[in-house]
Structures are given as structure tokens and as C-alpha cells.
Amino acid sequence: LRPLSWSRSGSLRRASASSSERGGSSQIKADTERQEEVAEFERMIWRLQDTLVDEMESLEGPMGGRFNKLPWQRESSPTGGGQGRTCVLEDGSIFEKAAI
């Protein structure tokens, strides 16, 4: 798998293969670098989600709604596996319903 990047139109796309990704120990290095980039991106997304949840809960105040956090994991498939966490707030004092 090659790194993802944003196109000029704003859509996510895979970068084209470079000569260093086409074989031998260069491929192993590229795979390791890719895994590290994916792990860092995942950590960034988790932190962003935590920040959004914390900020919205602070707007709700001490007696307001709280997010119910539901982790999920998708089994491997031809398109890949995945994991995440759905955060849902219902019946808040400011937000009637919110999901992050």
C-alpha cells in the first residue's frame, strides 16, 4: 500500500509507486515507513476525536450530556480491516444529538 495524500480537488488518493517502493530491501523500508505513518495518522485522529468530545462536553457543562463511546472493529476484507470509536451524545442540555 502506498501513502494517502489529498488531491487538488480535495479527495483522498494513493500516491503513485516510486522506484524505491518497487523491490528488495527498499520495499521493506518503505513498508515500515508506511506502517509508522499510518500509526501516527491514527493517533492524530484519536486525539482529534478526544479533543472534540472534550470540548463539546465542556459546552454541555457539569450537568449536561456526555458522550457514549462505542469502540468497533471491522474484520479484514478484500478492502481491508479497520477500527474506530463512535461517540454519541443524546439529550444534552445544549446539543439534542451529536456524533463524532
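In this predicted model, the largest nonpolar core is made up of six residues, namely Val53, Met56, Phe67, Cys87, Leu89 and Ala98. At least two residues of this core come from helix 1, and at least two from strand 4 (82-90). In soluble globular proteins, nonpolar side chains tend to be buried together.

Glutamine 49 is likewise located in helix 1, where it counts as buried because its relative accessibility is 11%. When neighbours within four places in sequence are set aside, glutamine 49 is in contact with Arg85, Cys87 and Ile100. Arginine 85 also forms a salt bridge with aspartate 50, with 2.5 Å between the closest N and O atoms. This pair links distant parts of the chain, since arginine 85 lies in strand 4 and aspartate 50 in helix 1, 35 residues apart. Arginine 85 is buried at 18% relative accessibility, whereas aspartate 50 is partly exposed at 31%.

Four salt bridges are found in the whole structure. Glutamate 40 and arginine 43 form one with an N to O distance of 2.9 Å; because these residues are three apart in helix 1, about one helical turn separates them. Glu40 and Arg43 belong, together with Arg47, to a network of salt bridges. A further salt bridge joins glutamate 90 to lysine 97, at 3.9 Å between the closest N and O atoms, and lysine 97 is exposed, with a relative accessible area of 63%.

On the surface, Phe41, Met44, Ile45, Leu48 and Leu52 form a nonpolar patch with about 450 Å² of accessible area together. Isoleucine 45, placed in helix 1 (residues 24-60), is partly exposed at 39% relative accessibility.

Terms used. Residues numbered from 1 in each chain as written. Predicted model: local features only at pLDDT ≥ 70, side-chain atom pairs only at ≥ 80, totals over all residues. Heavy atoms only, no water. Patch = residues over 30% accessible without salt bridge, like charges linked within 9 Å, V, L, I, M, F, W, Y side chains within 5 Å. Areas by Shrake-Rupley, 256 points an atom, 1.4 Å probe, with all protein chains shown as cover. Salt bridge = Lys/Arg side-chain N within 4 Å of Asp/Glu carboxyl O. Helix = DSSP H or I, 4+ residues; strand = E, 2+ residues; numbered from the N terminus. Buried < 20%, exposed > 50% of the residue type's maximum accessible area, 1.4 Å probe, protein only. Core = buried A, V, L, I, M, F, W, Y, C linked by side-chain atoms within 4.5 Å. Contact = heavy atoms within 4.5 Å.
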